Amino acid sequence: MVIQTPQPALEIHNLTVSYRDKPAIWNIDFTIPEGVLGGIIGPNGAGKSTVLKAAMGLVPVSSGHVRIFGNPLSEVRQRVSYVPQRESVDWDFPASAIDVVLMGRYGKRSLWSRLQRSDHDIAMDCLRKVQLQDFAHRQIAQLSGGQQQRVFIARALAQEADIYLMDEPFAGIDAATENAILELLSNMRNEGKTILVVHHDLQSAYEYFDWIVMLNTRLVASGPKDTVFNAQLLGEAYGAKLTMLSRMANLLKQREFPVQE
Amino acid sequence: MDAFWIILTGSLTAACCGILGCFLLLRRLSLLGDAVSHAVLPGIFIAYWLSGSRSSWAVVLGAGAFGMLCTLLIEFLTRKARLQSDAATGLVFTLLFAIGVILIAAFAGQIDLDQDCVLYGEIAYVPLDIWLTEGGTNLGPRAVWTGGVLLLGIAALVAAGYKGLFITTFDAEYAATLGISTAFWHYALMGAVSLTTVVSFESVGAVLVVAFLIAPAATAYLLTDNLKAMLCLSVLFGILAATGGYYLAVWLDGSIAGAMASAMGILFVLVLLWSWYAPVLRQKRWVADL
């Protein structure tokens, strides 16, 4: 089941990406409306991260195209922001939290010139939004995993974009950080930003997102969570794994008959 | 005066290598610096053979071209032949270096370039190669001028392109999403490494330049968690090693280049021990382990 939207923030059109002749994603076609907090879910190796990387032009595309606010990426780069997986960089790098956040202010224009006072103010403000203002000058290796993740999110915020693509921002962090990040993303959504998050945890997906994209190399479903989050589509995405399915059925039952307290 | 020129030449080489070495180390490309520094050998020979002089721009261009060829070949083998990058590196630079050695051996009688000079350098001869103007004014050794110009060039590249080098070194993927060309910065860095190698090959030789590319940066990395401080410390350690190495060589009456590289190694060990036992740093490590 795929629900399309007329004026999408992000349009993925018939996209196929292959690594070494093996398709990572196959003929994916979906749209994400503006102003939603969306989640991409699916089993390991389903191609969730690949969709984001293809959207950001980081992997070569075999066929299909991506449009952001109706334009190719190169024309709307300053409106798009990407948060890579935390493990993708070396956190022993000699840099402080604020150094990393300031990278969000780099661009073709400012790469050769000095950053302005306003760039520093914006970066500091973004650190405040993720509650790391007291850690601005802390070396990044000395931050916890959750704090490092928040530094990455602050860097994306510093770009002041309209759409944010985040690769596993909830991976390997504690519950308190997870809640803080979720609250931040919800606030951004309420301000009209569009956010698309790759998420590994099925249990929390329904709770966190308004729009869900289900993936298993092919596209299984895309739409508002209430229309696509059901046992049949989940079974299609995750394969006929009985334990998983029965757990899902339980979850769904709880939703249909909420426990009265 | 000779001592001054020799130490100055060594220090200029060490400073160039020290700056570039920091970025190589952080990109986990230290051995690519090693590879490039060897692979320029056929380029040096061919340019030397064609132009007939060692201190000409032709040599710089020839070496630069082979340095770039080396990085391109490694990238080609990694991407297209799907070889591991370390295997590709080893394959390419040994081949190019071997070709250079064969060429030099074959034409040894015809040009003033020999294996010993290329492999080990001879910094002691630096004061003999004086740049005289047409009017006969003594402007000092040529090596000091080339080294000085190169250091200025590298300092200018790093100062103006600091943000580009910083972001593409830390997180190349993210830099690409901002529209920054990661290939441009990669090749700018590799081009600078190639040029540095040509200048260094006259003074410390193709083998020992690797010590200058890696050791000062590695020593600085132990001591700081700020990239700018790391660059400064790396240059400082390079100069210390060049100076200390010269006097070590005088004392031992041995190879100056060898003594400079050894001094660098000794400096690294001292700093390593100090970083293990100094209380301030121990506390830093303890915080980092939390």
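Reply: Contact here means heavy atoms within 4.5 Å. Helices (H or I, at least four residues) and strands (E, at least two) are DSSP runs, numbered from the N terminus. This is a predicted model, where local features need pLDDT of at least 70, side-chain atom pairs count only at pLDDT 80 or more, and totals for chains, interfaces and linings use all residues. Residues are numbered from 1 along each chain as its sequence is written, chains are lettered from A and ligands numbered from 1 in the order in which they are written, and side-chain values use heavy atoms, with hydrogens and water left out.

Me: ok, which strands does helix H1 of chain A lie across?
Reply: Helix H1(A), residues 48-55, lies across S1, S2 and S4 of chain A and runs at about 110 degrees to S1(A). Axes are lines fitted to C-alpha atoms, for helices over the stretch in contact, and angles run from 0 to 180 degrees between N-to-C directions.

Me: and what is the order of the strands in that open sheet?
Reply: The order is S2-S1-S4 in chain A, with antiparallel pairing. Two strands pair if DSSP finds at least two bridges between them.

Me: why is one side of S2 and of S4 left without a neighbour?
Reply: S2 (22-33) and S4 (63-68) of chain A stand at the edges and have a single partner strand each, so one side of each has no neighbour in the sheet. The twist averages 15 degrees from one strand to the next.

Me: how many bridges between S1 and S2?
Reply: S1(A), residues 8-19, pairs with S2(A) over eight bridges. Tyr19(A) stands opposite Lys22(A) in S2(A).

Me: is Phe93(A) buried or exposed?
Reply: Phe93(A) counts as buried because its relative accessibility is 1%. Buried means under 20% relative accessible area, exposed over 50%, partly exposed in between (1.4 Å probe, protein chains only). Phe166(B), at 3%, is buried too.

Me: which residues form the aromatic cluster?
Reply: Trp91(A), Phe93(A), Phe152(A), Tyr162(B), Phe166(B) and Phe170(B).

How values were computed
Rings of Phe, Tyr and Trp (its six-membered ring) pair if their centres lie within 6.5 Å; planes under 30 degrees apart count as stacked, over 60 as edge-to-face and the rest as tilted.
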